[in-house]
Amino acid sequence: EKNSVATVLGQGDPSIPTVLDKNKTYNQPSDVYRHHGLWFTIQYDTILGGSWVNGIPVKFGRMMKLAENNPDHFQPYSRKVWEAGHRIALQKAEEARLVFPAVMATLR
């Protein structure tokens, strides 16, 4: 299903729907966190092997281990990383635009 949480989160993980509101449609991953907040993180990380006490992780599960090794996905770095990547993509697009006619000429 297009709007299933597993699809939206891109995980294909069958355990995700077990911790979510089955009557709610989530169109973006951010919708899950906006609706459930820290509760979702705790529930999902626990399913993936984590252990939490009073909202504090005492043993990281797979979700928190991935987050630990992905700092540019989270604030304050996420916007800066996106901007840098976007700048590079624009530069590469401009380079490609400039060489495209010459490349096409060699293929004729």
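**An exposed loop residue and a stacked ring pair**

Asn54 counts as exposed, since its relative accessibility is 76% and the cut-off for exposed is over 50%. This comes from a predicted model. As for where Asn54 sits, it is found in the loop that links strand 1 (51–53) to strand 2 (56–59). Its backbone is worth a look too: Asn54 has a positive phi of about 50°, even though it isn't a glycine.

Helix 3 itself covers residues 38–47. Its buried residues are Phe40, Thr41, Ile42, Tyr44 and Asp45. Two of these, Phe40 and Tyr44, are four residues apart in the helix, or about one turn. Phe40 comes out at 0% relative accessibility, so it counts as buried. Tyr44 has a value of 5%, so it counts as buried as well; the cut-off here is under 20%.

Now for the rings. A pair of aromatic rings is described by how far apart the centres are and by the angle of the planes. With centres required to lie within 6.5 Å, the count comes to one aromatic pair. The ring centres of Phe40 and Tyr44 are 5.5 Å apart and their planes meet at 20°, so this pair is stacked; the label applies to planes under 30 degrees apart. Put together, the stacked rings of Phe40 and Tyr44 belong to two buried residues of helix 3, while Asn54 in its loop is exposed.

Key: Residues are numbered from 1 along each chain as its sequence is written. This is a predicted model: local features need pLDDT of at least 70, side-chain atom pairs count only at pLDDT 80 or more; totals for chains, interfaces and linings use all residues. Side-chain values use heavy atoms; hydrogens and water are left out. Rings of Phe, Tyr and Trp (its six-membered ring) pair if their centres lie within 6.5 Å; planes under 30 degrees apart count as stacked, over 60 as edge-to-face and the rest as tilted. Buried means under 20% relative accessible area, exposed over 50%, partly exposed in between (1.4 Å probe, protein chains only).
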